[in-house]
Amino acid sequence: MKTSHSKLLTPKFLTLVGILFFLAIYFPGTRALRTGSFTFLFEITMIGVLAVLAAVTLLFSLVSLVAYVLSKNRTGWLKRLRSQMIFLLSVVFLLAIIMAASQWLAYTPPIVGTNGNPMPNSIASLEKVELGGVDQWLIIRGEDVNKPVLLFLSGGPGASEAARVLRFNQELEKHFVVVIWEQRGCGKSYPSINPKSDLTVEQYASDIIELTDMLLTRFD
């Protein structure tokens, strides 16, 4: 007969505890020591793995639910379904933790010279600005703040393009002050969107004009 302690020591339970323990170490400490591209790839991989795990568990749960409905002996299927649903909710909870922590602890690393120290005239900042009456986020990077400003406009709404731009277009930082705008509904600016009123070309154009004027005033 299994004890209550032995029931907890299942592969599913140990997997969840291991992931949670690793995240508890990663986000408060390890994350800040790694580069932006590493954190992006790692966190996207973690989210992808957990999403697949959640999808597979959901599929098995649906199979168990059908078996429960059709079976004459429902006790065994009910226990299995309950276990699968607990595991599914735990995975979804971990997904929410990763996504929330990733956004809350987002940062952009400094631009360093050959000596490993931040370049004296460089800029590397993650900033919140108000555009169109709502908070939106900018990533500003450049080796020299006196260089021309390059405003990157990504598609959207949806996922952030910032990590891909930072990883594959670092050469631009040598020649421009690169401003990556996370517009309404993208990345850290996602909470600012109101689908009933904000998803218009006119609103996006208004935000761009306001942001352009803001950048001209700051870097002129």
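Colleague: What makes E127 and R218 a salt bridge?

Modeller: The closest N and O atoms of E127 and R218 are 2.6 Å apart. The cut-off is a Lys or Arg side-chain nitrogen within 4 Å of an Asp or Glu carboxyl oxygen. So the pair qualifies as a salt bridge. Keep in mind that this is a predicted model.

Colleague: Which parts of the chain does the pair tie together?

Modeller: E127 sits in strand β1, residues 123–131, and R218 in helix α6, residues 201–219. The pair therefore ties together parts that are 91 residues apart in sequence.

Colleague: Why is R218 called partly exposed?

Modeller: Its relative accessibility is 42%. Buried means under 20% and exposed means over 50%. R218 falls in between, so the label is partly exposed.

Colleague: How do you know that K128 and D135 form a salt bridge?

Modeller: Their N to O distance is 3.9 Å. The limit is within 4 Å, so the pair counts. D135 is partly exposed, at 39% relative accessible area.

Colleague: What about K174 and E171: what makes them a salt bridge?

Modeller: N to O is 3.3 Å. That is within 4 Å, so K174 and E171 count as a salt bridge. K174 has 40% relative accessibility and is partly exposed. E171, at 46%, is partly exposed too.

Colleague: How many salt bridges does a search of the whole structure find?

Modeller: The search finds 4. As for aromatic pairs, the count is 0.

Colleague: Why is R80 said to lie over the face of W77?

Modeller: R80 is 4.6 Å from the ring centre of W77. The distance limit for a charge over a ring is within 6 Å, so R80 meets that part of the test. The other part asks for a position within 35 degrees of the ring normal. R80 is listed as lying over the face of W77.

Colleague: What makes the nonpolar surface patch?

Modeller: L58, L62, L65, V66, V69 and L70 make it, with an area of about 560 Å². Members need over 30% relative accessible area. L70 has 69%, so L70 clears that cut-off. L70 is also called exposed, because 69% is over 50%. The residue lies in helix α3, residues 36–70.

Colleague: S61 lies in helix α3 as well. Is S61 buried or exposed?

Modeller: Buried. Leaving aside residues up to four places away in sequence, S61 touches L81, Q84 and M85.

Colleague: Where is G132, and what does G132 touch?

Modeller: G132 is in the loop between β1 and β2, the latter being residues 134–142. Not counting residues up to four places away in sequence, G132 touches R184, Q203, D207 and E210. A contact needs heavy atoms within 4.5 Å. G132 is partly exposed, because 39% lies between 20% and 50%.

Colleague: What is the order of elements from the N terminus?

Modeller: The order is α-α-α-α-β-β-β-α-β-α. That is 6 helices and 4 strands.

Colleague: How much of the chain counts as buried?

Modeller: Of the 220 residues, 30%. The accessible surface is about 13800 Å², with 67% belonging to carbon and sulfur atoms. Among contacts with a separation of 6 or more, 65% join residues 24 or more positions apart.

Key:
Residues numbered from 1 in each chain as written. Predicted model: local features only at pLDDT ≥ 70, side-chain atom pairs only at ≥ 80, totals over all residues. Heavy atoms only, no water. Helix = DSSP H or I, 4+ residues; strand = E, 2+ residues; numbered from the N terminus. Buried < 20%, exposed > 50% of the residue type's maximum accessible area, 1.4 Å probe, protein only. Areas by Shrake-Rupley, 256 points an atom, 1.4 Å probe, with all protein chains shown as cover. Phe/Tyr/Trp six-rings, centres within 6.5 Å; stacked < 30°, edge-to-face > 60°. Patch = residues over 30% accessible without salt bridge, like charges linked within 9 Å, V, L, I, M, F, W, Y side chains within 5 Å.
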